[in-house]
Every structure is written in C-alpha cells, then in structure tokens.
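The exercises below concern the structure shown here. Each gives a task, followed by a solution in steps.

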Amino acid sequence: SQLKKGVPEIKPLNINALIDETVLLIATDATVRNSVIKTDLDNNLPLVHGDRIQLQQVLLNLISNSFDALENNLDPREILIRTLCKDTDTIIVEVKDSGCGIPTQNIPKLFTHFFTSKPDGLGMGLSISRSIIESHGGQLNVKNNLKRGATFYFTIPIDKKEA
C-alpha cells in the first residue's frame, strides 16, 4: 500500500465504518503475525471531515507499526483500536499495542522523515501519516502506555455541515 500524497478528497465520513473496513483488510496479515486486533468504537460518533483513502493509509500505517512492535511478544499480541469524542468538534482515534514501547529519546524523532528503528527502514510512514492528519486539521501523536507498549492517537475534526 503506497502512501499517496494526492489532493485529499474531503467528505463527511463514518470513522468507525472506515476502521472496521481497515481491520478486515488487514485481518489476514494479523493472523499471519499471530496478532489480534480488537476494536472499542464509540457508537454515537458524528461523521468526521476526511479523505477516506488517506485516513485508511494512516490507520494501516499505525497498525503495521504496532505489528512490528509486537513482533517479539510472547504473550498476547493485541492491538486495540478505540474511537471516542474528545469534545464537540473533535474525535480521537487510538491504536494501542502491548509491544515493546518506544524509547523516550526516540519519540520526538519518530515523525521526522526517514527516522526508523526498523532494519528494513520504512521510516517514511509516520511522517507522511502525520502530514495527512495535519492536512485534515488534526494532530497525530504517540505516548507510551503505563504497563507496556505504545498508543498512537490522532484527532480528526467533526464534519460541521452535518451538525
């Protein structure tokens, strides 16, 4: 899945439906990697304002980063994708894994071009993902979880024409 940086086609979008579709797309990959993707989606979300293909690329990128983080896990390899309302204007999407977490000194560098901790060097994904989210008027960040693993999360504006 090449990350394309075309002109976004911004439309009202059901983010939960997009997540379900993305999880189906990557289900075989999850099975191969012995990982489970769970979702915890808020049922009462309004539509967001976004480009379907670009947001799906961001989700796929975050999920595949989580797969990589889980690579050396012996115990449950779980990814949890959550959606929730942050406020009346914004929805948050979280991709949480129980993997190795991110060394604190790497967090600021994660989203810069070509930074990668992977041997095969696919460091493009996160910087492009961040610029896609920013072009949508949102933000993409990461935090380490209390116990283990990391959570990538992004905000996306609600589509106001609907409200």
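This is a predicted model: local features need pLDDT of at least 70, side-chain atom pairs count only at pLDDT 80 or more; totals for chains, interfaces and linings use all residues.

**Exercise 1. Describe helix 3: its length, its burial and its N-terminal cap.**

Solution. Step one is the length: helix 3 has 19 residues and spans 27 Å from its first C-alpha to its last, close to the expected 27 Å. The expected span is 1.5 Å times one less than the number of residues. Step two is burial: 15 of the 19 residues are buried, so helix 3 is largely enclosed by the rest of the structure. Step three is the cap: Asp 51 caps the N-terminal end, with a side-chain oxygen 3.0 Å from the backbone nitrogen of Ile 53. A polar contact is a pair of N or O atoms within 3.5 Å; within protein, one must be able to donate a hydrogen and the other to accept it, and residues adjacent in sequence count only if both atoms are side-chain atoms.

**Exercise 2. Give the strand order of the open sheet, and say which helices pack on or lie across the sheet strands.**

Solution. Five strands form the open sheet in the order 2-4-5-7-6, with mixed pairing; two strands pair if DSSP finds at least two bridges between them. Strand 2 (36-41) and strand 6 (140-144) are the edges, each pairing on one side only. On average, neighbouring strands are turned by 20° against each other, direction ignored. Axes are lines fitted to C-alpha atoms, for helices over the stretch in contact, and angles run from 0 to 180 degrees between N-to-C directions. Helix 1 (residues 15-25) packs on the sheet and touches strand 2, strand 4 and strand 5; its direction makes about 170° with that of strand 2. Helix 3 (residues 52-70) lies across strand 2, strand 4, strand 5, strand 6 and strand 7 (150-157), at about 25° to strand 5.

Within the sheet, strand 4 (residues 78-87) and strand 5 (residues 90-97) pair in the antiparallel sense over eight bridges. Leu 80 stands opposite Lys 96 in strand 5.

**Exercise 3. Classify the one aromatic pair of the structure.**

Solution. The structure holds one such pair. Rings of Phe, Tyr and Trp (its six-membered ring) pair if their centres lie within 6.5 Å; planes under 30 degrees apart count as stacked, over 60 as edge-to-face and the rest as tilted. The rings of Phe 111 and Phe 152 have centres 6.2 Å apart and planes at 80°, so the pair is edge-to-face. Phe 111 lies in the loop between strand 5 and helix 4 and Phe 152 in strand 7, 41 residues apart. Phe 111 is buried at 9% relative accessibility, and Phe 152 is buried at 5%.

Conventions:
Residues are numbered from 1 along each chain as its sequence is written. Side-chain values use heavy atoms; hydrogens and water are left out. Helices (H or I, at least four residues) and strands (E, at least two) are DSSP runs, numbered from the N terminus. Contact means heavy atoms within 4.5 Å. Buried means under 20% relative accessible area, exposed over 50%, partly exposed in between (1.4 Å probe, protein chains only).
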